[in-house]
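Visitor: I have the model open in a viewer and would like to go through it with you. Could you start with the surface and then work through the strands?

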Amino acid sequence: VRDAINLTHLWRVPASGGIPLTAMTNGAYDDLHPHWWGSGPSQEIAFATTRGGACYQIATLKPNGTLIATQITPVTGPGFEDLHPNFSPDGERIAFSSNRAGTRQIFVVTRQGNGWSAPAQLTTGSGDKTNPAFSPSGLSIAYQRSSGGTSLWIMDATGTNPRAITDG
């Protein structure tokens, strides 16, 4: 949701819809592309944010009831457009798209204690790759590839064996 000065923030809405909407983030930043993982005290939301400086970075937050989140952890650093984070089913990895390789490719980070590993590139080649989504087993990642048309692809979660599942 955009605020009064046109910045985008994350909001919570009841699963049944309607009110009350409650803000999860605020401040002089844009926050977008949330992906919720876990339940109870282990819940986390991965999202893209401009909090860390130039461009969008990936961060996580711990939901704080109906209050603004106070525990925000940087996952990637500034200087690239890191977007579309998606947790693995076990919450140990986050896949995302980034322009850090020149063209937009799929990267993954792995949980290391209270932080995250350096991004590892999973895809290569021409065409922008975006919107990664782990399979329920965590063994595969689906993503969108744009190159003279848009198609859906699947690869192993290690980045191997990419294959188109639609022809664009």
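Guide: Keeping in mind that this is a predicted model, one place to begin is a nonpolar patch on the surface, formed by V1, W11, V13 and L21, which together have about 370 Å² of accessible area.

Visitor: Switching to sheets: what is the strand order in the open one?

Guide: The open sheet has 4 strands in the order β3-β4-β5-β6, and the pairing is antiparallel. Because β3 (31-37) and β6 (72-74) stand at the edges with a single partner strand each, one side of each is left without a neighbour in the sheet. From one strand to the next, the twist averages 25 degrees.

Visitor: How many bridges join β4 to β5?

Guide: Strand β4 (residues 44-49) and strand β5 (residues 57-61) run antiparallel and are joined by 5 bridges; within β5, the residue opposite I45 is L61.

Visitor: What about β7, is it buried or exposed?

Guide: In strand β7 (residues 82-87), 6 of the 6 residues are buried, so the strand is largely enclosed by the rest of the structure. β7 pairs in the antiparallel sense with strand β8 (residues 93-101) over 4 bridges, and N86 has A95 in β8 as its bridge partner. The hairpin of β7 and β8 has 5 residues between the strands, and G91 there takes a positive phi near 75 degrees.

Visitor: Which salt bridge involves D82?

Guide: The side chains of D82 and R100 meet in a salt bridge, at 2.6 Å from N to O. Since D82 lies in strand β7 and R100 in strand β8, the pair ties together parts that are 18 residues apart in sequence. D82 is buried, at 0% relative accessible area, whereas R100 counts as partly exposed at 24%.

Visitor: How many salt bridges are there, and which residues are linked in a network?

Guide: The structure holds 5 salt bridges, and E44, E92 and R111 are linked in a network of them. R111 is partly exposed at 21% relative accessible area, and E92 counts as partly exposed at 34%.

Visitor: Further along, what does β13 pair with?

Guide: β13 (residues 140-146) pairs in the antiparallel sense with strand β12 (residues 128-134) over 5 bridges, where T130 has Q144 as its bridge partner. β13 also pairs with strand β14 (residues 150-156), again antiparallel, over 7 bridges, with R145 partnered by S151.

Visitor: Which glycines have a positive phi in those two hairpins?

Guide: In the hairpin of β12 and β13, with 5 residues between the strands, G138 takes a positive phi near 80 degrees. The hairpin of β13 and β14 has 3 residues between the strands, and G148 in the turn has a positive phi of about 70 degrees.

Methods. Residues are numbered from 1 along each chain as its sequence is written. Side-chain values use heavy atoms; hydrogens and water are left out. Two strands pair if DSSP finds at least two bridges between them. Axes are lines fitted to C-alpha atoms, for helices over the stretch in contact, and angles run from 0 to 180 degrees between N-to-C directions. Buried means under 20% relative accessible area, exposed over 50%, partly exposed in between (1.4 Å probe, protein chains only). Patches are made of residues with over 30% relative accessible area and no salt bridge: like charges are joined within 9 Å, nonpolar side chains (Val, Leu, Ile, Met, Phe, Trp, Tyr) within 5 Å. Accessible areas come from the Shrake-Rupley method with a 1.4 Å probe; for residues, only the protein chains shown count as cover. A salt bridge is a side-chain nitrogen of Lys or Arg within 4 Å of a carboxyl oxygen of Asp or Glu.
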